[in-house]
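Subject: Structure handover

Dear colleague,

Please find the structure below. My notes on what was found in it follow.

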Amino acid sequence: MNNTKNLNNDKQAVNTADNKLTLSTGYRSLLKGNRDWVTKQLEGDPEYFTNLAKGQSPEVLWIGCSDSRVPANEVTNTKPGEVFVHRNIANVCVHSDMNMLSVLDYAVNVLKVKHVIVAGHYGCGGVAAALTNKQFGLIDNWLRNIKDVYRLHSN
Ligand SMILES: [Zn+2]
């Protein structure tokens, strides 16, 4: 009974946030997708997770956009363990961003990656937003970095 009630509440909450979403595309589908993925990996290699847990030695650090359409492993056709990834809106690298700097330091000095790639993408909403004079709220502070580069180099 409680599960049914929660299902209805979840569906309502999801529908309130975005009319296009349904319960089937909510977090439950993510959990099912993860279970299906685990099953598929184990069918292909029963030692898959045992081997993956032994450690990582990626050759590439990928700094990309948070945009859901450009997941690093999918767009590079790589597997877990092959690419060390940092993502933020508009793949910005700022000298004061301790998150990005920590990832970069760890990738270069501990993982000893051979390549660092800062990957942009077509149709980046973050870049497009930065090139307007509209206000978007908290993210305006982040987009300021792009606005400054644009202002200084737009000629
Ligand atoms: Zn983007």
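Is A129 buried or exposed? A129 is buried, because its relative accessible area is 12%; buried means under 20% relative accessible area, exposed over 50%, and partly exposed in between, with a 1.4 Å probe and protein chains only.

Before the rest, the conventions. This is a predicted model, so local features need pLDDT of at least 70 and side-chain atom pairs count only at pLDDT 80 or more, while totals for chains, interfaces and linings use all residues. Residues are numbered from 1 along each chain as its sequence is written, and side-chain values use heavy atoms, with hydrogens and water left out.

A129 sits in helix α6, residues 125-130. Helices (H or I, at least four residues) and strands (E, at least two) are DSSP runs, numbered from the N terminus. Not counting residues up to four places away in sequence, A129 touches F136, L143 and K147, where contact means heavy atoms within 4.5 Å. A129 and K147 are 18 residues apart in sequence, and their C-alpha atoms are 9.4 Å apart in space.

L143 belongs to helix α7, which covers residues 139-153. L143 is buried, because its relative accessible area is 1%. With residues up to four places away in sequence left out, L143 touches G126, A129, A130 and F136. From L143 to A129 the C-alpha to C-alpha distance is 7.7 Å, at 14 residues apart in sequence.

D140 is found in α7 and is buried, with a relative accessible area of 16%. Apart from neighbours within four places in sequence, D140 is in contact with K134 and Q135. The C-alpha atoms of D140 and G126 are separated by 9.8 Å, and the two residues are 14 apart along the chain. R144 also lies in α7, but R144 is partly exposed, with a relative accessible area of 40%. R144 and L131 are 13 residues apart in sequence and 9.8 Å apart in space, C-alpha to C-alpha.

Zinc site

Which protein donors does the zinc ion have? They are C65 (SG), H121 (NE2) and C124 (SG), lying 2.1 to 2.3 Å from the ion. Donors are N, O and S atoms within 2.8 Å of the metal (3.2 Å for Na, K and Ca); water is not among the atoms, so sites may look incomplete. Along the chain the donors of the zinc ion follow the spacing C-x55-H-x2-C. Both H121 and C124 are buried.

Largest pocket

The largest pocket has a volume of about 160 Å³. Its lining consists of W37, Q41, Y48, N73, E74, T78, K79 and P80. The elements that give two or more residues to this lining are α2 (27-44) and α4 (72-76). By type, the lining residues divide into 3 nonpolar, 3 polar and 2 charged. Ala, Val, Leu, Ile, Met, Phe, Trp, Tyr, Cys and Pro count as nonpolar, Asp, Glu, Lys and Arg as charged, and the others, Gly among them, as polar. On a 1 Å grid over the protein atoms alone, a pocket is an open set of points where a 1.4 Å probe fits, with protein on both sides within 12 Å along at least five of seven lines; lining residues have an atom within 4 Å of a point. Grid points are joined across faces, edges and corners, and the volume is the space filled by probe spheres set on the points.

Backbone

Most residues other than glycine have a negative phi. A90, not a glycine, has a positive phi of about 75°. A90 lies in the loop between β2 (83-88) and α5 (98-110) and counts as buried at 6% relative accessibility. K112 is not a glycine either and has a positive phi of about 60°. The loop between α5 and β3 (115-118) holds K112, which counts as exposed at 56% relative accessibility.

Whole chain

The secondary structure of the protein chain comes to 7 helices and 3 strands, in the order α-α-α-β-α-β-α-β-α-α from the N terminus on. Of its 155 residues, 25% count as buried.

Regards
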